[in-house]
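The following exercises are to be worked through with the sequence and the three-dimensional structure at hand. Each task is followed by a solution in steps.

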Amino acid sequence: MELDKLKKTPLLECHQKYGGKIVDFGGWALPVQYTGIIDEHRAVRNSAGLFDVSHMGEIRVSGPQALDLVDYLLTNDVTRVSVGQVQYSPMCYPDGGVVDDLITYRVGEDEFLLVVNAANKDKDHEWIVDKADDYDVTVTDESDDTALLAIQGPRAEVILGRVTDADLSGIKFFRFRNGVQVAGCEAMVSRTGYTGEDGFEVYCEPDEAPEIFQALMDAGQDDELVPAGLGARDTLRFEATLPLYGQELGPDINPLEAGLSFFVKLDAGDFIGRDALRSVHEDGPERKLVGFEMVDRGIPRTTYPIFDVEDNEVGHVSSGSFSPTLGKNVGMGFVRTELAEEGTDLQIGVRNRKLDAVVIGAPFYTRKG
Amino acid sequence: MSAMYPEDLLYAENHEWIRVENGTGTIGITDYAQDQLGDLVFVELPEEGDEFGQGDPFGVIESVKAVADFYMPVGGEIIEVNEELLDAPEIISEDPYDEGWIIKVKIADDGELDALMNSEDYQATLD
């Protein structure tokens with residue numbers, strides 16, 4: 001792999017120091033793992049893991065009509081988000097397909113920070129700028145000026161608490177504080193993440209990210225904090241059945257069939273895609289995202305076909321893996337709605353064989369307490 | 001480094017090794033291959049009596065992130081498979097050249113062994 005051609009986060013040297021196995025992740029040089037995906041996965045479930053997610057995009061929307069624009073772009077009801085709060089939402093095309101899924105930080109009455117998927121960042125920025133034409137707002141892509149670390153797991157609060165002046169217990173789930181000190185650097189800290197665990201995300205200046213990374217690693221030494229790679233990030237989000245854009249969401253997938261109706265507020269203000277999603281809602285989606293467990297031996301993988309018990313092809317696998325926490329092979333996939341009931345028998349096409357599977361409840365993993 | 005690639009084995013380009021004793025070959029994957037794959041979570045093995053040619057895929061190994069085929073370093077008939085791996089594929093990572101063996105074959109043609117590499121030549125392909 002030619003490292004020279006890849007985009008780098010400010011933490012590349014930290015990853016190399018800790019033995020990170022660097023891969024080309026959508027054009028970014030990022031660690032897929034350090035010691036091993038399963039070890040890192042278990043550390044996040046049982047103690048804590050530290051992730052570099054600086055590749056994520058940050059787009060700031062500010063100005064007198066910022067709220068109007070952001071609320072029109074997103075399917076969720078942004079008017080209900082107060083300053084200091086974070087909200088998850090799909091952003092849709094007029095036909096109901098998904099441009100991206102993102103989290104919105106309400107930084108001020110007239111200021112929002114949208115944190116978007118790395119691979120979609122340029123597309124999102126273009127989309128937002130285009131829609132912003134009729135609004136009195138300023139849209140800024142701040143991705144290159146922002147580093148992002150995620151510390152996740154039951155020990156995250158204790159460890160981060162050792163290097164910050166912020167009262168972390170006062171930051172509830174999906175809330176944030178701006179302008180706090182972390183390892184002597186100014187940062188924005190939110191209680192958010194993509195692992196199904198408690199944890200925080202720390203936004204900072206790129207040149208200060210290595211200092212924060214090192215301070216956290218040092219502070220977490222006695223609490224079994226490990227650096228964790230993108231491999232574990234994927235298995236962790238998968239067990240919590242958090243959607244991954246490109247697999248559970250995309251231009252050809254609407255948020256209702258992906259099970260995200262909670263984040264689509266059809267009766268709040270108007271938003272792009274509302275008419276299309278209203279008719280999907282009224283007719284019921286033709287297909288649904290389900291969780292399933294393998295009955296036969298085999299691991300379901302993205303794009304593998306799904307069949308009913310009469311061998312008709314009825315959908316495809318969106319994500320699948322050995323689940324480290326369950327010790328089972330499980331998957332998510334889109335199937336015709338009538339096959340989405342828990343307990344329904346399915347078959348997964350694995351290398352020209354059809355293996356038995358059964359629909360189970362999702363998420364596969366929910367943290368206790 | 002030689003401990004990672006024992007000298008009494010022959011190696012194939014696809015990162016399988018073979019230990020030849022009295023016309024029987026014991027076959028596994030190299031330390032390099034298991035390291036590249038990462039945490040192993042699944043294997044699919046052939047059955048005793050199955051016959052394969054040199055270079056044929058004879059089974060599948062999966063890690064958390066990757067799916068890969070096993071290829072026959074030589075042609076022959078499967079005379080034994082390591083069924084322990086079905087429930088514990090991680091044995092391959094822990095001990096790739098001994099407990100982590102995958103199959104034993106009756107070698108069809110000794111001449112095919114000439115196409116394989118010794119430890120030194122195999123290691124040279126990894127640089």
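**Exercise 1. Locate B:Val43 and determine whether it is buried or exposed.**

Step 1. B:Val43 belongs to strand β4 of chain B; helices (H or I, at least four residues) and strands (E, at least two) are DSSP runs, numbered from the N terminus.

Step 2. The relative accessibility of B:Val43 is 0%, and therefore the residue counts as buried. Buried means under 20% relative accessible area, exposed over 50%, and partly exposed in between (1.4 Å probe, protein chains only).

Step 3. Contact means heavy atoms within 4.5 Å. Residues up to four places away in sequence not being counted, B:Val43 touches A:Arg297 of the other chain, and also B:Val60, B:Ile61, B:Phe70, B:Leu85, B:Leu86, B:Pro89 and B:Ile92.

Step 4. From C-alpha to C-alpha, B:Val43 and B:Glu94 are 15 Å apart in space and 51 residues apart in sequence.

A note on conventions: the model is predicted, so that local features need pLDDT of at least 70 and side-chain atom pairs count only at pLDDT 80 or more, while totals for chains, interfaces and linings use all residues. Residues are numbered from 1 along each chain as its sequence is written, chains are lettered from A and ligands numbered from 1 in the order in which they are written, and side-chain values use heavy atoms, with hydrogens and water left out.

**Exercise 2. Describe the interface between chain B and chain A.**

Step 1. Contacts join 16 residues of chain B to 18 residues of chain A.

Step 2. About 1400 Å² is buried between the two chains, and carbon and sulfur atoms give 48% of this area. Buried area is the accessible area (1.4 Å probe) that two parts lose on being put together, summed over both. On the side of chain B, the most area is lost by B:Phe42, B:Val64 and B:Lys65, together 40% of what that side buries.

Step 3. Five salt bridges are counted between chain B and chain A, a salt bridge being a side-chain nitrogen of Lys or Arg within 4 Å of a carboxyl oxygen of Asp or Glu. One of them pairs A:Asp234 with B:Lys65, with 3.0 Å between the closest N and O atoms.

Step 4. On the side of chain B that touches chain A, α1 (31-37), β4 (40-44) and β6 (57-63) of chain B each supply at least two residues. The most comes from β4(B), with four residues.

**Exercise 3. Characterise the surroundings of A:Thr75.**

Step 1. A:Thr75 lies in the loop between α3 (66-73) and β6 (86-92) of chain A.

Step 2. Because its relative accessible area is 0%, A:Thr75 is buried.

Step 3. A polar atom of the A:Thr75 side chain lies 2.7 Å from the backbone oxygen of A:Phe263.

Step 4. Beyond four places in sequence, the residues that A:Thr75 touches include A:Ser89, A:Cys92, A:Phe263 and A:Leu277.

Note on methods
A polar contact is a pair of N or O atoms within 3.5 Å; within protein, one must be able to donate a hydrogen and the other to accept it, and residues adjacent in sequence count only if both atoms are side-chain atoms.
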